[in-house]
Amino acid sequence: MDEMPDPTSPASSSANEPKYDVVLLAEQALSEVDAREVVSLHEELDLDQEVRYHLLIPVEDAAARVEATLGSLAAGEVMLAPPPAMADIDIKKVREECEAESQDALDASIAALRSIGAEVVGNIVHEAPVDALAAKVTEVDGREAIILTRAHLVAEFFHMDWTSRARRKLGVPVLHLIEHETLEEQSAGGGEGVSGF
């Protein structure tokens, strides 16, 4: 989990000042709305420290992607061509595509946060997302964690989602937000909702 600070970011000019570190784990690229919602959570707090975000974007497992693709192809009722054999699939190429997509999501998310003045550093992670989150919270002495995901109703119902696992593992507040929904949509019941601390 190498973190590459940007020399033009606010972090480099105030690296020695104490920070209120928040670790973000995002399943996909943050939109401008997501970035504004995250930053708004800390704008109204009376903190004596600057907020610094540490963004983590997991790299999708290439083998799981191939299995899912083959599974959906095999489940189709009408098929014009037989599904590709595993031997025909270049796992290394799929892995590279997954990594490139995650890096693009990270770059877009960092740009969205910085465009509204947030101090943010980030990296893509290959290990289990909750393990990466826990390690980063420990590494930076994080004060809270925010997990942004697409809606996963079945996983949440069985308490197997990232947020449930993180709450069991971390000793800091964990907030779960649904990406691409405003806080108003989430709390009003129009969206999938905020799951609290």
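Guide: Helices (H or I, at least four residues) and strands (E, at least two) are DSSP runs, numbered from the N terminus. This is a predicted model, where local features need pLDDT of at least 70, side-chain atom pairs count only at pLDDT 80 or more, and totals for chains, interfaces and linings use all residues. Residues are numbered from 1 along each chain as its sequence is written, and side-chain values use heavy atoms, leaving out hydrogens and water.

Visitor: Where does Arg-52 lie, and why is Arg-52 called buried?
Guide: Arg-52 lies in strand β2, residues 50-58. Buried means under 20% relative accessible area, exposed over 50% and partly exposed in between (1.4 Å probe, protein chains only). Arg-52 has 17%, so Arg-52 is buried.

Visitor: What makes Asp-141 partly exposed?
Guide: Its relative accessibility is 45%, so Asp-141 counts as partly exposed. Asp-141 lies in the loop between α5 (129-140) and β4 (144-149). Asp-141 also has a positive phi of about 55° although it is not a glycine. Most residues other than glycine have a negative phi.

Visitor: Which residues of α2 are buried?
Guide: They are Asp-34, Ala-35, Glu-37, Val-38, Val-39 and His-42.
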